[in-house]
Amino acid sequence: MDFNFTDEQNMLRESARGFCEKMSPMDFVLEMEKDEKGYTPELWNGMAELGWMGLIIPEEYGGIGLGFLDLIVLLEEMGRMCVPGPYFSTVVCGALAIMNAGNEDQKTEYLPKIAGGELVFSLALTEPCMTRYDPACISVSANKNGDDYVINGTKLFVNDAHAADFIICVARTGGVIDAKEGITLFIVDAKAPGITITPLKTLGGDKQAEVVFENVKVPATQVLGEVGAAWPVIEKVFQYAAVGKCAEMAGGAMRVLELALDYCHQRVQFGKPIGMFQAVQHLCANMAINLNGSKFITYKTSWMLDEGTPCMAQVAATKAWVSQAYKKFVILGHQVFAGTGFMVEHEMPMYSRRARAAELAFGDINYHCAVMAKEMDLS
Amino acid sequence: MNFGYTPEEEQFRKRLKEFLDKEMTEEIARQNWEDLGVGSEAREFSKKLYENGFLGLPWPKEYGGQEMSPTYDFILIDELGKRWGAHVPLDVGYTMVGHTILRRGSEEQKKEFIPRIVRGEIEFGLGYTEPNAGSDLASMMMKAEEKEDYFLINGQKTFNTESHYADYHWLAARTESNPDKPKYKGISLFIVDQRAPGIDIRPMITMSDERTNEVYYDDVKVPKSRLVGEKNKGFYYIMEAIDSERNHVFAPARLWPIVDDLVAYVKETSYQGKSLAEDPFVQNKIAWMAIELEVAQMLADNARWLELNELPITMEPEITKVYLSELEQRMVDDAMQILGLYGQLEENSKYTACRGRIEWYYRHSFMPTIGAGTSEIGRNVIAQRGLGLPRG
């Protein structure tokens, strides 16, 4: 057993920390929430220059070829500073989907460009029908018409669609609405005629959208993986994405605890720094428990994913627990900062708003709890 | 990072599982778990663990061990725990006292005690708490006066859980009361024959049917050779041992039997013609228990890993302790909600569900958040020692 990161991973963290702190201070994050695009070319290009877009892309496709745990280090640091932009959508969802399901042509076509920061991807999975989270609940249809498919229907809560060059659309080519069979992935040009992208105003201030497909023609060559058999790919990408979100949450928790401890030393009431009061110390102790639990289970699950160990239950446990812990975590943080943390320009609201977005993304607590129950043979 | 075990460790676990499935009876588990007293069955079992190469592996060769990684002890504790085993039968000696003797004891003490601890033959009663020294342990009053060739000890201990079946008393007593010095600088540790003349052990029965004890000392003479380490350094020795003790005592695996029993119960129980296992409320609660236990195991693994590699420890074992003890309460609450009316039945009722273990566990669950330091003291440690917040 070894809880140490490698020297290379520590170096990656250090470099990422410096970059994120410099490029993504809180006033910038707040500004980007209001900005239509939500990130700047300087930020995106800077990340590309550091090789982040190609971090997990194999060297033969222009990437660096590192593992998922390396990516986790980066996601923690990005989560720590709430770094805006379509990195998660492009790399965790887009690149991983293509790496796992793409044919040689597709890999050669897209992966080097993703690694170079030239392309933005978005994953269109969730739909209005998912009033309870279920990645198999797909009603958007894709019907074969000659050499093309024609996609119709509405995707909802699609991250970063507004900025995307390509949308990976999860559509139904067969089967009933919640069947795992009959689902197909399509790489769709985001500017294709018939696509309407409407931004949603969300609690987290992140960029989610409604994406309506109206008779959108997609060449059959744009099918990613096998027709009607996309479920195992979705499941895999979904696992990486769920755990990746946990890393972002753990990173956010690290930051909130750092800020709270600073405040505990500085803020004086009753003639003492508030960190001297046991009531306040216990809030911080609870944060430390939640933080350690979040980090360690995320690391272990990422390691299992890297090792190729089947870990359906472990992923479910991780996403459910970390989501729950992070919700509690931000409440504790607010309690330490009290009134000052309630102000819109303070860091605290950013983390507490995003905690809910992260909880809901890639399977909420109830969804993963149900997966866990199933893995325990309860049904 | 690596979260796996070595092939040798996996092999050990496999062999151990086979042994325990065959040898560890319900009776042994009970003697072990409920602290009513380790009787002949559990003592016999303890020796068998050693004879079959499961006990004593990490200890020095010169005292009967094999100098292997302490991971083997953790695997042993985990596998016992998964079978309602709680800990090795003579656990105060094995997981707590022995390590301090090894670190601080005289060569004579090591030769006398360690081989018997390693072989699973002797047990110690932990003699720390007093009526006026609980969370504030340094306030202990039990007096040990230095005479020519012995210490004369007088006073009272309380909540000394193993004393009625232990062979020795691991006693902390005051050897100096100088009002100008901090209280913790006047405490020493002793190994006392638990049956020595002048010792009176009186039972205290807990709400979960366990036995603990009051231990009275009336002019008990303890030879100087039984002083552990230096005089007045006892409190340091207690504190330096506490992280490793937590790592060995608070094993998340101990709570898995609750989940296993519940899963079996809901699968064989129906309500309105449907299996309880199909009820989303039930599924959610049981899944959540398993999820929390996975996290608890990671907290424990991290603290163990720090210990195994002799890395600095501040709050990690304390985090495991606070989380796991409070988790026990949440799990028992959820379990009782799942069992409904049946959850209140004691073990021997005709209608008992889950062998009455949940009803017993409910009564037990008030202890872990108090014993070995309350959750409140635990959070103080996490905040002050771990996070660097100032003492009030």
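Predicted model: local features only at pLDDT ≥ 70, side-chain atom pairs only at ≥ 80, totals over all residues.
## Where the two chains touch

The contact between the chains involves 37 residues of chain A and 36 residues of chain B. On the side of chain A that touches chain B, at least two residues are supplied by each of helix 7 (231-266), helix 8 (278-307), helix 9 (312-337) and helix 11 (365-375) of chain A. Helix 8 of chain A gives the largest share of that side, with 14 residues. Sorted by class, the side of chain A that touches chain B holds 26 nonpolar, 9 polar and 2 charged residues.

## Helix 8 of chain A against helix 9 of chain B

Across this boundary, the axes of helix 8 of chain A and of helix 9 of chain B (residues 280-308) come within 9 Å and cross at roughly 95°. An angle from 65 to 115 degrees counts as roughly perpendicular, and therefore helix 8 of chain A is roughly perpendicular to helix 9 of chain B.

From helix 8 of chain A, the contact is made by A:Asn292, A:Gly293, A:Phe296, A:Ile297 and A:Lys300, while helix 9 of chain B brings B:Glu294, B:Val295, B:Met298, B:Leu299 and B:Asn302. By class, the residues of this contact of helix 8 of chain A with helix 9 of chain B are 5 nonpolar, 3 polar and 2 charged.

## Helix packing within chain A

Helix 7 and helix 9 of chain A pack with their axes 9 Å apart, at an angle of about 20°. Because angles under 35 degrees count as roughly parallel, helix 7 of chain A is described as roughly parallel to helix 9 of chain A. The crossing in which helix 7 of chain A passes helix 9 of chain A is left-handed, and the residues of their contact divide into 17 nonpolar, 4 polar and 2 charged.

## An enclosed helix in chain A

Helix 11 of chain A is largely enclosed by the rest of the structure, because 8 of its 11 residues are buried. These buried residues are A:Ile365, A:Tyr367, A:His368, A:Cys369, A:Ala370, A:Val371, A:Met372 and A:Ala373. They pack against helix 9 and helix 10 (347-360) of chain A, together with helix 9 of chain B. After helix 11 of chain A comes A:Asp377, whose phi is positive, near 70°.

## Positive phi values in two loops

Most residues other than glycine have a negative phi. A:Cys82, however, has a positive phi near 50°, and this residue lies in the loop between helix 4 (68-80) and helix 5 (87-101) of chain A. In chain B, B:Glu67 also has a positive phi, near 55°, and its place is in the loop between helix 3 and helix 4 (71-82) of chain B.

Which of these residues is buried and which is exposed? A:Cys82 is buried, with 27 other C-beta atoms within 10 Å, whereas B:Glu67 is exposed, with 11 other C-beta atoms within 10 Å.

How values were computed:
Residues numbered from 1 in each chain as written. Chains lettered and ligands numbered in written order. Contact = placed C-beta atoms within 7 Å. Helix = DSSP H or I, 4+ residues; strand = E, 2+ residues; numbered from the N terminus. Nonpolar A, V, L, I, M, F, W, Y, C, P; charged D, E, K, R; others polar. Axes fitted to C-alpha atoms, helices over the stretch in contact; angles between N-to-C directions. Parallel < 35°, antiparallel > 145°, perpendicular 65-115°, else oblique. Left-handed = near helix turned anticlockwise from the far one by under 90°. Buried ≥ 20, exposed ≤ 12 C-beta atoms within 10 Å, placed from the backbone.
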